Amino acid sequence: MQLTVLGCWAPYPRAGGACPGYLLQAGTTNLLLDCGNGVLGNLQKHLDFRKLTGVVISHLHPDHYYDIFCLRHALGGAKRDGSRPESLELWLPEGPSEAREQLARYQDVFLIKAITAQNRAGQGWLESQVGECKLQFMPTEHPLPCYAAAVEFQGKRIVYTADTGWTARLVPFLRGADLLLCEASLQEADAAYAAAGHLTAGQAGELAQQAGVRKLALTHFWPEYNLAVTKQEAQRAFDGVVDLAAEGKVWKVE
Ligand SMILES: [Zn+2]
Ligand SMILES: [Zn+2]
């Protein structure tokens with residue numbers, strides 16, 4: 001499996017950067033995790049958009065899905081010229097309804113799939129299939145419906161937390177991950193903002209430590225931060241390898 005960073009900044013990008021988006025590739029499966037602004041342009045440095053198998057939108061905050069409006073036109077053109085006749089699977093959370101309904105209207109190019117947790121209070125999570133991969137979703141702690149996603153292929157597991165505040169509920173979902181792509185929105189000095197549904201880098205490290213993941217990749221960075229501090233704070237809580245997302249960065253899981 002391979003994970004390529006297309007955008008890692010939130011809620012706005014650094015100069016030349018992009019908001020969250022990640023290309024996960026396994027076998028013949030090409031899955032786009034989130035599609036923030038700037039992601040479609042960066043995607044095409046690595047993959048023809050016609051070759052996408054599916055798109056997962058973790059939640060409907062603008063910086064995680066606004067390039068869907070661009071992708072929609074790209075797919076519309078590809079449908080007209082016959083270069084990609086089939087619709088693209090688009091996984092969406094259940095709300096907020098206004099944003100969801102707007103996207104769900106594009107059924108000419110997208111096959112809309114619903115993300116829903118089976119049991120929001122317990123440890124149940126939705127299991128499905130995308131291409132050759134098993135796909136699982138777990139609700140996170142965020143002001144609107146938001147889902148962490150786990151992708152498994154040939155015994156390997158990559159988990160993406162999406163946006164979340166601290167919750168021990170995530171630990172069993174992250175357990176056994178070969179690679180954890182974890183939001184680390186805040187540094188210790190701004191920990192008071194964590195109540196808004198985000199993690200400090202230290203909490204990201206703590207989650208990785210409790211779940212015993214093999215490798216921790218941090219993402220979802222406030223653009224003004226010195227990321228050396230972010231990395232240091234996560235590393236203090238996690239015994240394994242800590243890495244930082246950056247546009248074009250590739251992690252292989254084998
Ligand atoms: Zn969010
Ligand atoms: Zn976000």
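Reply: Happy to; here are some ground rules, followed by questions and answers. This is a predicted model, where local features need pLDDT of at least 70, side-chain atom pairs count only at pLDDT 80 or more, and totals for chains, interfaces and linings use all residues. Residues are numbered from 1 along each chain as its sequence is written, chains are lettered from A and ligands numbered from 1 in the order in which they are written, and side-chain values use heavy atoms, with hydrogens and water left out.

Me: What is the arrangement of the four donor atoms around the zinc ion (ligand 1)?

Reply: The donors here (N, O and S atoms within 2.8 Å of the metal, or 3.2 Å for Na, K and Ca; water is not among the atoms, so sites may look incomplete) are His59 (NE2), His61 (ND1), His142 (NE2) and Asp163 (OD), at 2.2 to 2.3 Å. Four donors would be tetrahedral with all angles between 85 and 135 degrees; four are square planar and six octahedral if opposite donors are over 155 degrees apart and all others between 65 and 115, and anything else is irregular. The angles at this zinc ion (ligand 1) run from 91 to 165°, so the arrangement is irregular.

Me: Is the pair of Tyr65 and Phe69 stacked, edge-to-face or tilted?

Reply: Rings of Phe, Tyr and Trp (its six-membered ring) pair if their centres lie within 6.5 Å; planes under 30 degrees apart are stacked, over 60 edge-to-face and the rest tilted. The whole structure has nine such aromatic pairs. For Tyr65 and Phe69 the centres are 6.0 Å apart and the planes at 50°, so the pair is tilted.

Me: How many residues apart are Trp91 and Phe137?

Reply: Trp91 and Phe137 form a tilted aromatic pair, 5.6 Å centre to centre with 40° between the planes. Both Trp91 and Phe137 are buried. Trp91 belongs to strand S5 (residues 88-92) and Phe137 to strand S8 (residues 133-139), a separation of 46 residues.

Me: Which side chain makes a polar contact of 3.0 Å with that of Asn30?

Reply: Asn30 lies in strand S3 (residues 29-33) and is buried, with a relative accessible area of 9%. A polar contact is a pair of N or O atoms within 3.5 Å; within protein, one must be able to donate a hydrogen and the other to accept it, and residues adjacent in sequence count only if both atoms are side-chain atoms. At 3.0 Å, the partner of Asn30 is Gln25.

How values were computed
Helix = DSSP H or I, 4+ residues; strand = E, 2+ residues; numbered from the N terminus. Buried < 20%, exposed > 50% of the residue type's maximum accessible area, 1.4 Å probe, protein only.
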